Amino acid sequence: MSHQFGRLADRRRRRPASRPSYVERGGEMVTRHPFDAYRVRMTVFALDSGEARVDALCERTFALPSRGAEDYVQVGGHVLLVFARIREIRSSHAPDDALGVAGERECGLWVPLLDRNRRRATWTIPYLYVDQPAAAMGGREIFGYPKQIADVRIADDASRFSVKAPCIRRFGTTARMQRHEVLSARRTGTGDAPSAPFTTAASAVEHLVDGRVGHVLRLAARAALPAHLLRAARDVQAAAMFLAQVAYGRIPVVQLKQFRDVTDPRVACYQAITETCHDVLAFREGALVTDPYEIDVQSLDGQPFERDLGLVSGRHTPDLAFWLDFDMRIQAGTALWEAAR
């Protein structure tokens with residue numbers, strides 16, 4: 001009898017020859033990927049960020065865990081604050097494509113990166129808030145997106161956007177987690193005549209670059225401040241990179257996917273750097289936003305925007321804003337690097 005138990009223990013210790021099948025259980029909220037998202041309406045604000053802070057974030061998130069196998073730095077000096085309303089999102093993989101659809105509102109801070117090993121442009125989203133539990137669970141479990149459950153509000157007339165999330169305002173042994181507003185954007189007036197809508201993302205890139213650079217050249221000539229030209233080139237870089245990838249039809253995102261070990265809280269039982277591509281299925285329209293907006297960033301220990309992104313608390317004026325309306329597919333991803341197990 002003891003001999004039989006010994007053989008059973010040996011079998012349990014052996015690593016399986018292939019990955020185990022996923023066990024489907026009742027009540028699961030994480031369905032099979034890829035996912036199709038229809039009627040995605042994004043409003044995007046370009047905000048100044050701290051390049052040194054972002055590079056340090058990339059170092060500890062990607063380079064240190066992988067021991068240099070993955071190496072990223074920020075492109076330009078801006079991050080994109082993205083509010084999105086998704087009318088329908090569903091699994092595009094049978095049989096889960098027949099399970100139904102859900103709506104979702106989300107807000108993310110998108111950081112443009114240069115992948116120095118592969119010499120290509122990509123993104124990471126270190127802060128991502130969603131109002132749909134299934135999206136939060138699936139985003140974390142499958143792709144490694146650090147999604148947080150939050151109350152994401154988007155006014156129908158785009159006059160105000162806000163995010164309230166459970167977090168700690170100031171860390172302490174008796175500090176209690178509460179729901180705090182972490183980010184908001186509000187329209188403060190009426191700007192120039194509305195920008196003419198563009199019906200392709202390629203035309204958006206041309207419109208953005210030609211119009212913005214021309215405006216900056218006039219500013220530089222009038223004020224004799226070359227710094228204006230440099231600053232504008234940097235904010236165009238982030239926005240144009242996003243729009244160019246929408247036009248190309250593929251937006252790549254890299255994330256650190258990890259799970260804390262059940263026996264030792266200091267280590268990860270699984271850790272990988274993943275890449276997920278958002279493929280554009282259909283582009284309807286978009287436009288530059290000419291109305292002035294004010295972005296309010298809160299100071300919260302539980303949401304350290306300044307430490308990670310150089311995004312200081314207080315009020316900010318976006319250097320550029322635009323909106324897009326399109327459909328996309330969140331494809332199955334790739335593990336660019338996995339820790340040995």
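Is Asp325 buried or exposed in this structure? Before I come to that, a word on what we are looking at: this is a predicted model, in which local features need pLDDT of at least 70 and side-chain atom pairs count only at pLDDT 80 or more, while totals for chains, interfaces and linings use all residues. Residues are numbered from 1 along each chain as its sequence is written, and side-chain values use heavy atoms, with hydrogens and water left out.

So, to Asp325: this residue is buried, with a relative accessible area of 7%, where buried means under 20% relative accessible area, exposed means over 50%, and partly exposed lies in between, computed with a 1.4 Å probe on protein chains only. Asp325 forms a salt bridge with Arg284, and the closest N and O atoms of the two are 2.9 Å apart; by salt bridge I mean a side-chain nitrogen of Lys or Arg within 4 Å of a carboxyl oxygen of Asp or Glu. This pair links distant parts of the chain, with Asp325 in strand β14 and Arg284 in strand β11 (residues 268-288), 41 residues apart. Strands here are DSSP runs of E, at least two residues long, numbered from the N terminus. Arg284, for its part, counts as partly exposed, at 27% relative accessibility.

In one of them, Asp36 pairs with Arg329, the closest N and O atoms being 2.5 Å apart. That pair, too, links distant parts of the chain, since Asp36 sits in strand β1 (residues 35-48) and Arg329 in strand β14 (residues 320-330), 293 residues apart. Asp36 is buried, with a relative accessible area of 4%, whereas Arg329 is partly exposed at 28%.

In the other, the side chains of Asp115 and Arg118 meet at 2.8 Å, N to O. Asp115 is buried, with a relative accessible area of 0%, and Arg118 is partly exposed at 34%. Salt bridges that share partners join Glu70, Asp115, Arg118, Arg120 and Glu275 into one network.

Let me finish with Thr274, which lies in strand β11 and is buried, with a relative accessible area of 8%. The side chain of Thr274 reaches the backbone oxygen of Phe143 at 2.8 Å. Leaving aside residues up to four places away in sequence, Thr274 touches Phe143, Val253, Val254, Gln255, Lys257, Thr334, Ala335 and Leu336, where contact means heavy atoms within 4.5 Å.

Methods:
Helices (H or I, at least four residues) and strands (E, at least two) are DSSP runs, numbered from the N terminus. A polar contact is a pair of N or O atoms within 3.5 Å; within protein, one must be able to donate a hydrogen and the other to accept it, and residues adjacent in sequence count only if both atoms are side-chain atoms.
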